[in-house]
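Hi everyone, thanks for making time for this one. I'd like to walk you through a structure, so please have a look at it before I start talking.

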Amino acid sequence: MIINTELEYKGNLFPGRINSFSQDVDKINFKTENGVILQVTILRGSVIRFRYATDNNFEKDFSYAISKDGVRGYSKLEVEEHKDCYKIITLKIIIKISKADLKVSIFDIHGNVICKDDWGFHWEQSYEFGGNIVKMSKAAPQGECYYGLGDKPMHLNLKGKRIENWATDQYAFGKDQDPLYKSVPFYIGMHEERAYGIFFDNTFKTFFDFCHERRNVTSFWAHGGEMNYYFFYGPDMEDVVTRYTDLTGKPELPPLWALGYHQCKWSYYPESKVKEVTSKFRELKIPCDGIYLDIDYMDGFRCFTWNKEYFPDPKRMVKELADDGFKTIAIIDPGIKIDDDYWVYKEAMENDYFCKRADGPYMRGKVWPGECYFPDFTNPKVREWWSGLFKEIIDEIGVKGIWNDMNEPAVMEVPGKTFPDDVRHNYDGHHCSHRKAHNIYGTQMARATYEGVKKYAYPKRPFIITRSAYSGAQRFTSSWTGDNIATWEHLWIANIQAQRMSMSGMSFTGSDIGGFAEHPTGELYARWIQLGVFHPFCRTHSSGDHGNQEPWTFGQEVINVTRKYVELRYQLLPYLYTMFWEYAEYGVPMLKSLVLYDQYDLQTHYRTDEFIFGNQILVCPIQEPNSKGRRMYIPKGKWYNYWTKEFVTGGLEQWVDAELDTIPMFIKEGAIIPKYPVQQYVGEKKIEELKLEVYFKLGAKEVSKVFEDAQDGYDYMKGRYSLRTFSFTGKENEVIIQQHKDGTFITEYETMVFEFIGLPFKISEVEIDNEVVDLKTIDFDPVRNIMKIPKNFTEIHIVG
Ligand code: GLC
């Protein structure tokens with residue numbers, strides 16, 4: 001590349017030579033001869049912020065994405081000046097900054113290149129909007145792979161793609177369609193099995209190019225704002241994701257019922273229809289915890305009102321549903337109907353809470369209620385007001401969760417399907433246009449909703465679900481993947497999106513099971529529910545335009561399959577809750593794509609279908625009609641086929657049988673999988689026993705955990721939880737299980753039921769805490785290797 005003396009090439013401007021350097025504790029500033037500043041901030045040994053300014057001038061520092069609660073601090077920081085460069089050295093990485101052109105290269109401490117600027121930072125001045133179009137390009141060595149970026153409905157490995165982030169209402173989207181509802185400008189790069197991450201914290205429209213334009217270059221740029229990105233070093237991909245999640249925030253635990261099965265449709269009304277649906281679940285004994293009210297519960301689609309003809313006494317209905325174990329979740333959209341007789345509209349008008357166009361008029365747009373105005377959720381006063389609106393629906397009526405939709409924001413019958421660019425936003429005092437606030441609008445709405453529901457549901461925990469989201473939204477809300485279609489291709493997409501959201505810090509996500517648009521065949525619905533029960537959020541939803549989508553609409557065989565898998569989800573609730581706790585506590589992604597599970601196995605780099613649910617359950621959906629099974633890759637290690645108990649060795653692709661009632665599912669050897677009894681809803685039964693399925697492994701210890709608490713409320717934050725850590729050691733004729741317990745919560749059950757799978761010997765003796773027990777006293781079943789053990793043991797010895 002030849003750069004002329006004005007440091008300009010093809011319309012792009014470049015930093016010149018560094019002419020000054022300064023350090024203020026964790027911030028290191030480099031200034032160039034042509035007014036560029038690079039500020040490097042060391043957040044942790046492996047988390048570094050890179051921020052660039054032009055004209056010697058930074059914007060005011062503000063981000064909606066970064067969490068206040070993230071880990072900060074490092075144990076080593078040295079800055080060295082060399083002839084050609086500066087070197088910043090932490091415990092984990094070395095950053096070189098070239099004096100001649102400000103280019104950055106990042107190495108691990110062994111000197112391996114992790115990520116290196118190609119052109120590095122450059123920019124174009126935007127004549128149209130003012131400010132800069134800020135750009136970054138990085139060298140893309142051969143074989144580098146790319147993952148992440150939220151809800152993109154394309155191959156997990158993004159190599160060769162160009163991506164756009166601009167939240168968009170994309171009804172019936174297709175494979176590879178971009179952009180969709182969410183903007184998560186975070187990707188993971190991996191080269192030679194070393195992973196790193198980049199979070200480009202810029203809410204303007206952003207683009208990412210992964211070797212699409214130039215084979216050896218990866219770049220990202222934004223239509224405004226600053227070049228401001230965070231770099232995370234792994235080398236483990238899981239650590240990249242946990243560090244990113246820590247920086248942008250972790251969620252609270254949801255109430256356990258939110259991890260149950262949910263049923264939705266556009267729309268269940270009137271009240272008798274809602275009851276008919278919920279009663280049928282109980283009659284058919286398909287467990288279900290959540291029932292949704294879509295927009296038709298409102299009066300003329302006015303948020304925070306009720307259609308009294310369909311729902312004459314919502315409080316009574318919600319209570320009756322609750323008595324039957326159903327939690328009611330209601331939709332709330334951002335568009336507020338322009339109506340002088342409508343209290344929400346009047347309050348917002350009186351207080352000047354609606355978004356306005358640049359020249360003063362309100363931002364007017366058509367959504368479900370007709371012409372609407374839209375609250376500016378980037379205004380803290382508006383958020384506070386909005387949160388107060390939930391008093392009646394949550395506190396008085398007893399609705400348990402709120403569903404935020406259309407918050408891209410979606411506007412009907414206009415070309416861009418959203419606000420025009422000139423709309424003004426408060427942006428927490430950093431006034432700006434919609435170009436900057438668009439991608440964050442949905443998250444700020446969900447945040448305000450979360451604050452309201454949390455306040456009025458207290459001391460219980462809130463449940464929020466959103467369609468649009470930006471990085472950090474996971475602190476407030478779960479999400480779903482929007483208006484998909486009842487096709488086999490969309491089953492593939494749903495699998496990809498759930499995995500991708502997990503590796504993008506937003507694990508609590510699911511798809512509309514069965515598809516939103518069009519109507520699934522019974523077979524497709526059955527295959528989808530089999531996958532859906534392994535997604536952190538599990539809900540059937542449909543547009544209702546093409547027929548019903550309750551499990552019983554597809555005949556007896558599908559009812560049976562649905563019941564079998566929803567029951568399995570309810571049995572696995574302690575396992576799922578423990579996964580959630582690891583996500584909430586440490587930022588661990590709940591679903592692990594195979595590459596995230598084992599990046600050191602090259603076979604995993606381009607796999608899409610198989611994933612690990614939690615840490616120990618391998619799942620692979622059937623994605624084609626008339627299947628009797630499929631080929632799948634079983635990752636390295638040894639696994640038990642969950643259904644046949646067959647012991648298989650991974651590291652190769654193999655055929656797995658799967659008739660309509662079976663999804664390929666494997667348990668890692670050495671795992672101890674906790675199960676509750678089947679319940680029709682969370683809390684239906686007192687949990688009398690915790691079942692533990694122990695999958696034998698010969699050799700090294702395997703650790704499994706079980707997290708439990710009151711299943712709702714905040715006592716867990718005060719130490720009132722029960723965290724059991726089991727270590728399994730297997731020998732040729734002996735098994736040792738050690739238990740360590742943390743937390744002060746006392747679980748309801750007194751007994752654990754152990755079932756040993758794959759034991760290579762016949763049990764002749766059992767010792768609990770070094771005392772031999774009479775096998776009769778523990779209800780020992782020698783055929784199935786089942787026994788009952790009092791819960792508070794420290795060590796069990798099973799001897800052959
Ligand atoms: C949007 C949502 C969908 C909802 C519908 C009506 O299309 O994505 O889930 O049912 O609006 O509210």
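**Cavities and helix pairs**

Let me begin with a lining: around the second largest cavity, the residues split into 7 nonpolar, 1 polar and 1 charged. Before going further, a reminder that this is a predicted model. Which residues make up that lining? They are Ile295, Met298, Phe301, Cys303, Asp333, Gly335, Val367, Trp368 and Pro369. The space inside this second largest cavity comes to about 50 Å³.

Now let's step back to the whole structure. How many cavities of 30 Å³ or more does a search find? There are 4. The largest cavity holds about 220 Å³ of space. It is lined by 23 residues, and the closest to its centre are Pro251, Phe476, Thr477, Ser478 and Phe508. If you want to find it by secondary structure, look at strand S30 (464–466), strand S32 (478–480) and helix H11 (573–586), the elements that each give two or more residues to the lining of the largest cavity. By class, that lining has 15 nonpolar, 6 polar and 2 charged residues.

A word on annotation next. The UniProt record, an unreviewed entry, places "domain: Glycoside hydrolase family 31 TIM barrel" at residues 251–579.

On to some helix packing, with two pairs to show you. Where do they touch? Glu271, Val274, Lys275 and Thr278 on the H2 side meet Arg316, Met317, Glu320 and Leu321 on the H3 side. Sorted by class, this H2–H3 contact has 3 nonpolar, 1 polar and 4 charged residues.

The second pair is helix H8 (residues 488–502) and helix H9 (residues 522–532), whose axes cross at roughly 5° and come within 10 Å. That angle makes H8 roughly parallel to H9. From H8, Trp488, His490, Leu491, Ala494 and Asn495 meet Glu523, Leu524, Arg527, Trp528 and Leu531 from H9. By class, the H8–H9 contact has 6 nonpolar, 2 polar and 2 charged residues.

That's my tour, and I'm happy to take questions.

Key:
Residues are numbered from 1 along each chain as its sequence is written. This is a predicted model: local features need pLDDT of at least 70, side-chain atom pairs count only at pLDDT 80 or more; totals for chains, interfaces and linings use all residues. Side-chain values use heavy atoms; hydrogens and water are left out. Contact means heavy atoms within 4.5 Å. Helices (H or I, at least four residues) and strands (E, at least two) are DSSP runs, numbered from the N terminus. Ala, Val, Leu, Ile, Met, Phe, Trp, Tyr, Cys and Pro count as nonpolar, Asp, Glu, Lys and Arg as charged, and the others, Gly among them, as polar. On a 1 Å grid over the protein atoms alone, a cavity is a set of points where a 1.4 Å probe fits but cannot get out, and a pocket is an open set with protein on both sides within 12 Å along at least five of seven lines; lining residues have an atom within 4 Å of a point. Grid points are joined across faces, edges and corners, and a volume is the space filled by probe spheres set on the points. UniProt positions are given in the numbering used here, feature names are shortened, and annotations may be inferred rather than shown by experiment. Axes are lines fitted to C-alpha atoms, for helices over the stretch in contact, and angles run from 0 to 180 degrees between N-to-C directions. Angles under 35 degrees count as roughly parallel, over 145 as roughly antiparallel, 65 to 115 as roughly perpendicular and the rest as oblique.
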